[in-house]
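Open the structure in your viewer and keep the selection tool at hand. This tour goes stop by stop.

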Amino acid sequence: MPTPQDESGLENLHRQLRLLNDRLEVTQLCDRYVLHLDKDRAHDSWLDSIFTDDVHLTFPFGEFKGIDGLAAFQQMARTNFARTHHISANHTVDLDPDGNHARVRAHLMAVHVAQADEPAGHFDIGGHYEAEARRTPHGWRIHRFVFDLVWQSGQAPLAKTAH
């Protein structure tokens, strides 16, 4: 027969396991975001698997709100760069006591290639980001993302507009 002490230990173990699992899921969410940026550039069907409908992204060159704003941001990236390579690392995930909100701090580096047949000509950036994620019925989703540019290398392209 389990004692109250045994039950308390199991509850504590369950809380720790959930905390570890949530941190892993939030880290994987951030990793999926940058993977989609590079591998799924041709379409926006992945956006709602990463972001909430009310997402707010802030970059040194602009802010993008909502899924529609994010789709416009993706179109701008497709117009300016033929290929990209993003790396997100050193994730620190802090969960609110309610277990339904998370704050992530991480490093990000990205290589932007303007012409696929000229991969040596690229524009690179590096910096930090802070993101806030929410637990939703469909899993964790990013609802705020702020990128702080620390360095850049190469010539930034002039913004092109899609016709």
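How many salt bridges does the count come to? Seven, in this predicted model. We visit several of them, then a helix, then a pocket.

**Stop 1: Arg78 and Asp44**

Select arginine 78 and aspartate 44. They form a salt bridge, with 3.1 Å between the closest N and O atoms. Arginine 78 sits in helix 2, while aspartate 44 sits in the loop between helix 1 and strand 1 (51–59), so the pair ties together parts 34 residues apart in sequence.

**Stop 2: Asp54 and Arg134**

Next, pick aspartate 54 and arginine 134. This salt bridge has its closest N and O atoms 3.2 Å apart. Aspartate 54 belongs to strand 1 and arginine 134 to strand 5, so the pair ties together parts that are 80 residues apart in sequence. Aspartate 54 counts as partly exposed, at 45% relative accessibility. Arginine 134 is partly exposed too, with a relative accessible area of 26%.

**Stop 3: Arg144 and Glu132**

Move to arginine 144 and glutamate 132. Here a salt bridge brings the closest N and O atoms to 3.0 Å apart. Arginine 144 lies in strand 6 and glutamate 132 in strand 5, so parts twelve residues apart in sequence are tied together. Relative accessibility is 24% for arginine 144, which counts as partly exposed. Glutamate 132 is partly exposed, at 26% relative accessible area.

**Stop 4: Glu25 and Trp140**

Select glutamate 25, which is found in helix 1. Glutamate 25 is partly exposed, with a relative accessible area of 31%. Then select tryptophan 140. How far apart are glutamate 25 and tryptophan 140 in sequence and in space? They are 115 residues apart in sequence, yet 7.2 Å apart from C-alpha to C-alpha.

**Stop 5: helix 2**

Select helix 2, residues 66–80. Helix 2 has 15 residues. From its first C-alpha to its last, helix 2 reaches 21 Å, close to the 21 Å expected at 1.5 Å a residue. Colour its buried residues: Gly66, Gly69, Leu70, Phe73, Gln74, Ala77 and Asn80. Look down the axis of helix 2. The buried residues fall within an arc of 145 degrees, so they line one face of the helix. An α-helix has 3.6 residues a turn, so residues three or four places apart point the same way.

**Stop 6: the largest pocket**

Finish at the largest pocket. Its volume is about 590 Å³. The lining has 28 residues. Which of them lie nearest the centre of the pocket? Select Phe61, Phe73, Met76, Phe81 and His112 to see them. Phe73 was also among the buried residues of helix 2.

Several elements contribute to this lining. Helix 1 (4–39), helix 2 (66–80), strand 3 (83–95), strand 4 (101–113), strand 5 (122–136) and strand 6 (139–153) each supply at least two residues. Which element gives the most to the lining? Helix 2 does, with six residues. Last, colour the lining by class: 20 residues are nonpolar, six are polar and two are charged.

Key
Residues are numbered from 1 along each chain as its sequence is written. This is a predicted model: local features need pLDDT of at least 70, side-chain atom pairs count only at pLDDT 80 or more; totals for chains, interfaces and linings use all residues. Side-chain values use heavy atoms; hydrogens and water are left out. On a 1 Å grid over the protein atoms alone, a cavity is a set of points where a 1.4 Å probe fits but cannot get out, and a pocket is an open set with protein on both sides within 12 Å along at least five of seven lines; lining residues have an atom within 4 Å of a point. Grid points are joined across faces, edges and corners, and a volume is the space filled by probe spheres set on the points. Helices (H or I, at least four residues) and strands (E, at least two) are DSSP runs, numbered from the N terminus. Ala, Val, Leu, Ile, Met, Phe, Trp, Tyr, Cys and Pro count as nonpolar, Asp, Glu, Lys and Arg as charged, and the others, Gly among them, as polar. A salt bridge is a side-chain nitrogen of Lys or Arg within 4 Å of a carboxyl oxygen of Asp or Glu. Buried means under 20% relative accessible area, exposed over 50%, partly exposed in between (1.4 Å probe, protein chains only). The expected span of a helix is 1.5 Å times one less than its number of residues. The arc is that of the directions from the helix axis to the C-beta atoms.
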